[in-house]
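Thanks, everyone. The coordinates are on the screen now.

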Amino acid sequence: MTAPLIAQPLTAAAFAPYGDVLAVDGTPDRMINAGLCGRFHDRARLEFLDGRAGISLFDAEARHLPYSLDLMERHPMGSQAFIPLDGVPMLLCVATDEAGRPARPCAFLSQPGQGVNLLRNVWHGVLAPIGRAGRYAVIDRIGPGDNLEEFHFDQPLTVEGPRP
């Protein structure tokens, strides 16, 4: 039996190899709208090989910990950003690539209000709001070609919540 993955808190530094954490934190890069709005500028490394960026809305069912990770996917032609509309935390399972399959999976648990941008070609689990259903704005590539690869684990991995 494989040891369970322990979901770590989502931080920009830990998540950087897989993508960007999208959050309003710290000091804004600049103030706009007559000083009434802080702009946190250019927070995601969006990339699309061809086609265009599109915004879709996702309505995802609740998932719970411990979680069974049996499927990972990646998008070779474009990045994919998830921005929570309800503030529901999400479980983010990501992995490096080894010979066309996910290797060394790890898990992160977002805080309410944190979104992410997954870099192009990064293996990741499906959208998994934790505790209750969640709605998300998703920015990803719209265009021709096959932009989805899936990998099904022979034996699912168990993901547990953070440990004290």
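The second largest cavity is lined by Tyr67, Leu91, Leu92, Cys93, Gly125, Val126 and Ala128. Keep in mind that this is a predicted model. The space inside this second cavity is about 30 Å³. Strand β9 supplies the largest share of its lining, three residues. By type, the lining has six nonpolar residues, one polar and no charged.

How many cavities of 30 Å³ or more are there? The count is two.

The largest cavity holds about 80 Å³ of space. Around it are Phe82, Met90, Leu91, Leu92, Cys93, Leu118, His124, Gly125, Val126, Leu127 and Ala128. Here too β9, residues 90–98, is the main contributor, giving four residues to the lining of the largest cavity. Nine residues of that lining are nonpolar and two are polar, with no charged ones.

Now the sheet. It is open, with five strands in the order β3-β11-β8-β14-β6, and the pairing is antiparallel. Which strands stand at the edges? They are β3 (19–22) and β6 (52–60); each has a single partner strand, so one side of each has no neighbour in the sheet. From one strand to the next, the twist averages 20 degrees.

One pair in more detail. Strand β8, residues 80–84, and strand β11, residues 115–118, are joined by three bridges in the antiparallel sense. Within that pair, Ala81 is opposite Asn117 of β11. As a reminder, strands of a sheet pair through backbone hydrogen bonds, either parallel or antiparallel.

That's what I have.

Technical notes. Residues are numbered from 1 along each chain as its sequence is written. This is a predicted model: local features need pLDDT of at least 70, side-chain atom pairs count only at pLDDT 80 or more; totals for chains, interfaces and linings use all residues. Side-chain values use heavy atoms; hydrogens and water are left out. On a 1 Å grid over the protein atoms alone, a cavity is a set of points where a 1.4 Å probe fits but cannot get out, and a pocket is an open set with protein on both sides within 12 Å along at least five of seven lines; lining residues have an atom within 4 Å of a point. Grid points are joined across faces, edges and corners, and a volume is the space filled by probe spheres set on the points. Helices (H or I, at least four residues) and strands (E, at least two) are DSSP runs, numbered from the N terminus. Ala, Val, Leu, Ile, Met, Phe, Trp, Tyr, Cys and Pro count as nonpolar, Asp, Glu, Lys and Arg as charged, and the others, Gly among them, as polar. Two strands pair if DSSP finds at least two bridges between them. Axes are lines fitted to C-alpha atoms, for helices over the stretch in contact, and angles run from 0 to 180 degrees between N-to-C directions.
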